[in-house]
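Hi,

Here is the structure I said I would pass on to you. Have a look at it first, then read my notes below.

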Amino acid sequence: MFSFGSIKLGKIFGFEVELDYSWFIIFVLVSLNLTLNFFHTYGFSLLVSIFDGILTAILFFSSVVFHEFFHSLIARFNKLPIKKITLFIFGGVAQMTEEPKSPVVEFKMAIAGPLSSLFLALVFWLIFLSLKILNLTEAATAPFSWLALINLWLALFNLAPGFPLDGGRVLRAALWYWYKDMERATKIASQFGQGFAYLLVGIGVLTAFFGYLGGVWLIVLGLFLNRVAQSSYQQLILQKYLSGIKISEIMTRDILTVSPNITLETLVNDYFLKHKFGRFPVIDEGKVVGVVTLHHVKEIPRESWQELTAADAMDKVIKDCFVSPDEDAGQALIRMAKCNIGHLLVVSDSKLVGLVTRSDIIRLIKVKTELGA
């Protein structure tokens, strides 16, 4: 998923909800489209159109949260941890930290999303009919007719048999049940997902050629789905090769640490130049407070090295940068990707016992691949 940083909105029944900054782009586009190309065509005043556009956009994205919430709820019932629900430029996603344990669980989780959208479509349509019976103006009823139709469309779109859409996950569940092989099922479902993505790109190119700007959005969405379909299968293969491998088996144990008060000049001369490491944990009173890398130092003007310290150049660490020596190597690699970092500090009983890098894990994968292990 593309990420530009996020804002925490709070929790819904224990699930963290975040707003990726990219969401504001699509929110503005949806609001403008509703205001200018939908509500204004009813003959509403500009002020009423703007109000209806913003209100409908908010309810639409609330529908997306509702959709992802049901995925998360089914996951919780089946003892699958959900890290958070995030709204971003392409909609929403419930981030799982583990794969479903069986095709039945996969099916339940996948079908929950489209069913929730169908439920909302019915609710909004009933609200629309109720308001019509009360003879309220179109300014009051139009938002709910649009919300009913868009939720119906979302349900149908998500049922397309292309992984990672809900329909693709339903397909994977069926293939998994049939072949008794999750890897094979994921590969086939991912291929369907790439095919569907190419179809969207093709339709987007045709519509854009005839002057419809919505075609550009289909092209971007298709490229995104293609990327996710490929990466989903690759992630499963990585987990296969890394299954059962503990961090303690591949981490670097003998690591040098530095004080936060050491000058950058001393850091360069006594550590980076004398040792082969490209990063050093920074320890203050026995606690890890950060990691300083050669890249950090290179970004600081050389004339400032005598004055600035490791504390000025380091990245402060957070709990997500820590990993237990007993943790699975595959999960550690996923965490590095999510945190956009190239290493994790290995901590046991609050003590630093090692360091593992992305290169360590990739090297292991390469060896196992070459040996066919």
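Let's start with Asn 158, which lies in helix H4 (residues 138-158). Helices here are DSSP runs of H or I with at least four residues, strands are runs of E with at least two, and both are numbered from the N terminus. Before going on, note that this is a predicted model, where local features need pLDDT of at least 70 and side-chain atom pairs count only at pLDDT 80 or more, while totals for chains, interfaces and linings use all residues. Residues are numbered from 1 along each chain as its sequence is written, and side-chain values use heavy atoms, with hydrogens and water left out.

Back to Asn 158: its relative accessible area is 14%, so it counts as buried. The cut-offs are under 20% for buried, over 50% for exposed, and partly exposed in between (1.4 Å probe, protein chains only). Leaving aside residues up to four places away in sequence, Asn 158 touches His 67, Pro 114, Leu 165, Asp 166 and Gly 167; contact means heavy atoms within 4.5 Å.

Next, helix H2. (The expected span is 1.5 Å times one less than the number of residues.) Just after H2, Lys 79 has a positive phi of about 60 degrees.

Now try the surface: Val 28, Leu 32, Leu 36, Leu 46, Ile 50, Ile 54 and Ile 58 make a nonpolar patch there, with about 580 Å² of accessible area together. Helices H1 (23-39) and H2 (46-77) are the elements that each give two or more residues to this patch, and H2 gives the most, with 4. An α-helix has 3.6 residues a turn, so residues three or four places apart point the same way. Leu 32 sits in H1 and, at 45% relative accessibility, counts as partly exposed.

Finally, which strand is largely enclosed by the rest of the structure? That is E9 (residues 343-348), because 5 of its 6 residues are buried. E9 runs parallel to strand E8 (residues 322-323), joined by 2 bridges, with Phe 322 opposite Leu 345. Strand E10 (residues 351-357) runs antiparallel to E9, with 6 bridges between them; there, Leu 344 has Val 356 as its bridge partner. Strands pair if DSSP finds at least two bridges between them.

Cheers

Notes
Patch = residues over 30% accessible without salt bridge, like charges linked within 9 Å, V, L, I, M, F, W, Y side chains within 5 Å. Areas by Shrake-Rupley, 256 points an atom, 1.4 Å probe, with all protein chains shown as cover. Salt bridge = Lys/Arg side-chain N within 4 Å of Asp/Glu carboxyl O.
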